[in-house]
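Student: I would like to go through this structure with you. Could we take it step by step?

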Amino acid sequence: MTGTISDTGVSAETPMGYGSMRRKEDARFIRGKGHYLDDIALPGMLHGAILRSPYAHAKILSVDTSAAEAHPKVKAVITGETLAGLGLAWMPTLSHDVQAVLATDKVRFQGQEVAFVVAEDRYAARDAVGLIEVEYEALEPVVDATTALDPGAPVIRDDLEGRTDNHIFDWEAGDAAATDAIFEQADLVSSCEMVYPRSHPAPMETCGSIASLDAVTGKLTVYTTTQAPHAHRTVYALVAGLPEHKIQIIAPDIGGGFGNKVGIYPGYVCAVVGSIVTGAPVKWVEDRSENLMSTSFARDYHMQGEIAASKEGKILAVRVKVLADHGAFNGTAQPSKMPAGLFHVFSGSYPMAAAHCSVTGVYTNKCPGGVAYACSFRITEAVYLIERLVDVLARDNGWDPATLRMDNLLRPEQFPYTTPLGWEYDSGNYPKTFRTALDIAGYDALRAEQKERRARGELMGIGISFFTEAVGAGPRKHMDILGLGMADGAELRIHPTGKAVLRLSCMSQGQGHETTFAQIAAEELGISPDDIEVVQGDTDQTPFGLGTYASRSTPVSGAATAIVARKVRERARIVASAMLEVSPDDLEWAKGSFHVKGDPLASKSLAEIAMAAHSSLELPEGIEGHLDATCVYNPPNMTYPCGAYICVVDVDGGTGQVKVRRFIAVDDCGVRINPMIVEGQVHGGLADGIGMALMEGIAFDSDGNHLGASFMDYLLPTAVECPSWELGETVTPSPHHPIGAKGVGESATVGSPPAVVNAVLDAIGVRHADMPLTPAHVWRAMQGRPLRVDLAIGD
Amino acid sequence: MQITVTVNGTSYTRDVEPRLLLVHFLRDELRLTGTHWGCDTSNCGVCVVWLDGAPAKSCTVLAAMADGHEVRTVEGLGDAAGLDPIQQAFSDKHGLQCGFCTPGMMMTCRALLDRDPDPSEATIREAISGQICRCTGYENIVRSVKAAAAAGQEVKA
């Protein structure tokens, strides 16, 4: 199978623009020539391994490293004491807390980092970890978030001066009084307590880092699995006090991120210290248990939600109280003024007069994290809340959940729509999107089938979710991370021969940036995407920006790409005007060339213009030579994709086993640059939804032991649990995005879990049960004896 | 200990620790980094290679156990003449995103097509059910295998 026109399938007939071209990055991946972190071997490189705490909460009485240091292949053993001497024992988190790099006083979660060994090979490093003796004095752990604030609960963060409890923050949004007033007057109120349990993004490639300090130049090069290389560089500068221009962060190919690779982990800092101490490059790559136990978890929201409606079925208001379990250190990665992320989009896809939330964050003896796993800064929890509440409201009143949604959805003429919580939704045609999904599903026929099956005693369920996402964080005046505004840069240079290089601040983890962003620039410049090289991930080669997470690359960097290409085009117009000796205003753009108005033959292609721009051609006064431009895009608003999802399940009443029979997903993400890639993004997120709803969940026992610490315990969906997805689309462009695109990377992860849960509960006729709906949980729910999903404590 | 393993048709003799895993032998000793490591517990399958013609999880095989045996990795899928049909199909049908599970997936799918040139969707899903992909939701992997099967049928016709 050779002889395709190019690896990407771009041909002379279709040289440019949007469309389902094959991905440029595939050429290396299908040949096993991807270049991931652990594929890198630097000369003289050493290997690090971490000793971790077996306890959830314990005092460290002593650490004896002598046997490890005596190991013939060990080059250094680093402890919290070593780091304290360097002022590096604690590091700032992305939420203005601090986290221990290596524990000095206490360990505060099982799997916490205690010591770091540097050795000649990875096996020896692991051997030496086993030689370190740590004496602990076990303390009572705080495992249950609901009792973390009880008087007398052990104080986890006694490192913080004056701390006498486990309270982190209280935060609220919306108008409490107006909301309460509506609830008092409302005909109907339904309420539901629900837990969005702790889960983990678990990319197939775990996190890792190679630090290499050049003792002569003082330059620190860090190869690392990061979704946000520039943010990492700035944080390293702030943490270690190293000059920022002497730090280079290089993200190689990344084997999936899903939010897991946003933060800076203690292992990364240890690798840097290891390189400083040994003078050699030091690689640290976590194993799977370390990944699941110690790097960013997701969710862990305990929600008490209420929805008010008129007796005719008009949704009037929603209110919710949230208890947020943030683990032992408040390390969530989210805009700094928003401790609950973007959770306050929870009024969802329905206009209502008022809504209010109050969120309380608490410390527990669990791993820090909170927003990872493709969740768009807690919109996953928000969508789950509203879409479960709408289903509960329908059930409590004997209404069809599809009819209730259709009757309440925002209408196209209501956009732009400002929610009671202050978000300005940009565009959408929700009834059309929902109708498209209902038609693909054959909703009425499904309900008829369900009735027949029920008569035969079979448990079939139909679940719906209609979600609104808010992606593209974000406007600088509202959003920053550690004081860094959430704008992103782009640099575009046309080489003399008309080929181009596009440099971006975002970083692909599999989303296909090398293809998609080349397509955006190609569409604007009228050249082939094959002729545009996309550079990302290297802070010495790319402009500043906050990176790829929360579905922000297309809304922010995609916009930057379109704008920088338009800037280059306008520069090209001026060069062409000099070449053709006419006024720039007399030129017309014809996708790839400028020609004189009314004279298409008097034309210069972009390649000709590029060569002229680098030549001795006399350019107009004030116009520099060459053909390039830069841009920083500060989004004026978020983009608001939406989607309608319908899930059909069959449940085995004897075992509680759920089989997802069909899953219909209709997404509206505005203009689709590469529809093939968009569909692939949706497919992946739908599998996440199956996983979270039915399989994935991290519980803890009463000693604080993590019960999901391997893939034998933390179950991810395989091809057998996933159905063949049925996709549809509507296209409502974003009015403020330069090419009308919205983000889509996390839509399906955000939108699908409530559809699956609603389907299972519809099948078994239970009002509510928490995820993950494993056979045991389903069966117990059917007996009216649901189990707590976050704690493995017997009934 | 000294072992000799034939990998993609080339014989390699190396001194290794008896406990060295085959995945690390391939990656660290031979620098064939197309085979990945993902979980330690034989659940994820990003380390799948062929051992004497059958897919095996190389994180659960000692290099010493491969002594005298034949291994085929993703680097041995295509040849100088071009790509294996399964590689071409993964690209054509967008059967990969981050690419980390892809080599293992392709090795399993190649083996499937060798024993069943026209597998049903259920057969394909069953064949790859010992491997995890976090990106694709498996749909396009299934389509890739079907496309490679169709390409194989065309070649025969």
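Tutor: Let us begin with a definition: two residues are in contact if their C-beta atoms, placed from the backbone, lie within 7 Å. Please also keep in mind that this is a predicted model.

Student: What share of the contacts in chain B with a separation of 6 or more comes from residues 24 or more positions apart?

Tutor: In chain B, such residues account for 60% of the contacts with a separation of 6 or more. For chain A, the corresponding share is 78%.

Student: How many helices and strands does chain B have?

Tutor: Chain B has five helices and five strands. Read from the N terminus on, the elements of chain B follow the order β-β-α-β-β-β-α-α-α-α.

Student: And what about chain A, how many helices and strands there?

Tutor: Chain A comes to 18 helices and 34 strands.

Student: What radius of gyration would a compact globule with the 157 residues of chain B have?

Tutor: A compact globule with 157 residues would have a radius of gyration near 15 Å, and chain B agrees, since its own value is 15 Å. Along the principal axes, the C-alpha atoms of chain B fill a box of roughly 45 × 30 × 25 Å. Of the 157 residues of chain B, 58% count as buried.

Student: How does chain A, with its 795 residues, stand against that globule rule?

Tutor: Chain A agrees with the rule as well: for 795 residues the rule gives a radius of gyration near 28 Å, and chain A has 27 Å. The box filled by the C-alpha atoms of chain A is roughly 85 × 75 × 55 Å, taken along the principal axes. Buried residues make up 59% of chain A.

Student: What is the average pLDDT of chain A?

Tutor: The average pLDDT of chain A is 95, and 98% of the residues score at least 70. Over residues 1–5 of chain A, however, the pLDDT is below 50; this stretch has 11 contacts in the model beyond near neighbours in sequence.

Student: Changing topic: how many residues does each chain bring to the contact between them?

Tutor: Chain B gives 46 residues and chain A gives 44 residues. On the side of chain B that touches chain A, α2 (85–92), α3 (102–115), α4 (121–127) and α5 (139–156) of chain B each supply at least two residues. The largest share of that side, six residues, comes from α2(B).

Student: How many residues of that side of chain B are nonpolar, polar and charged?

Tutor: The side of chain B that touches chain A has 19 nonpolar, 19 polar and eight charged residues.

Student: Back to chain A. What is the strand order in its open sheet of three strands?

Tutor: The order is β6-β2-β8 in chain A, with antiparallel pairing. The edge strands are β6 (106–107) and β8 (133–138) of chain A, each of which pairs on one side only. Two bridges join β2 (residues 58–64) of chain A to β6(A). Lys59(A) stands opposite Lys106(A) in β6(A).

Student: Now the helices. How far does α14 of chain A reach from its first C-alpha to its last?

Tutor: Helix α14 (residues 553–580) of chain A has 28 residues and reaches 38 Å, close to the 40 Å expected at 1.5 Å a residue. Just after α14(A), Glu581(A) takes a positive phi of about 55 degrees.

Student: How many of the 20 residues of α16(A) are buried?

Tutor: In α16(A), 18 of the 20 residues are buried, so the helix is mostly covered. Helix α16 (residues 675–694) of chain A reaches 29 Å, close to the 28 Å expected at 1.5 Å a residue.

Student: Is His96(A) buried or exposed?

Tutor: His96(A) is exposed, because it has 12 other C-beta atoms within 10 Å, and 12 or fewer count as exposed. His96(A) has a positive phi of about 60 degrees although it is not a glycine. It lies in the loop between β4 (90–92) and β5 (98–100) of chain A.

Student: And Phe377(A), buried or exposed?

Tutor: Phe377(A) counts as buried because it has 30 C-beta neighbours inside 10 Å. Phe377(A), too, has a positive phi of about 60 degrees.

Student: Which residues does the cis peptide bond with an omega of about -10 degrees join?

Tutor: That cis peptide bond joins Met771(A) and Pro772(A). Pro772(A) is in the loop between α17 (747–764) and α18 (775–782) of chain A. Another cis peptide bond joins Ala473(A) and Gly474(A), with an omega of about -25 degrees.

Key. Residues numbered from 1 in each chain as written. Chains lettered and ligands numbered in written order. Predicted model: local features only at pLDDT ≥ 70, side-chain atom pairs only at ≥ 80, totals over all residues. Helix = DSSP H or I, 4+ residues; strand = E, 2+ residues; numbered from the N terminus. Nonpolar A, V, L, I, M, F, W, Y, C, P; charged D, E, K, R; others polar. pLDDT = per-residue confidence, 0-100. Pairing = 2+ DSSP bridges. Expected span 1.5 Å × (residues − 1). Rg over C-alpha atoms; globule rule 2.2 N^0.38 Å.
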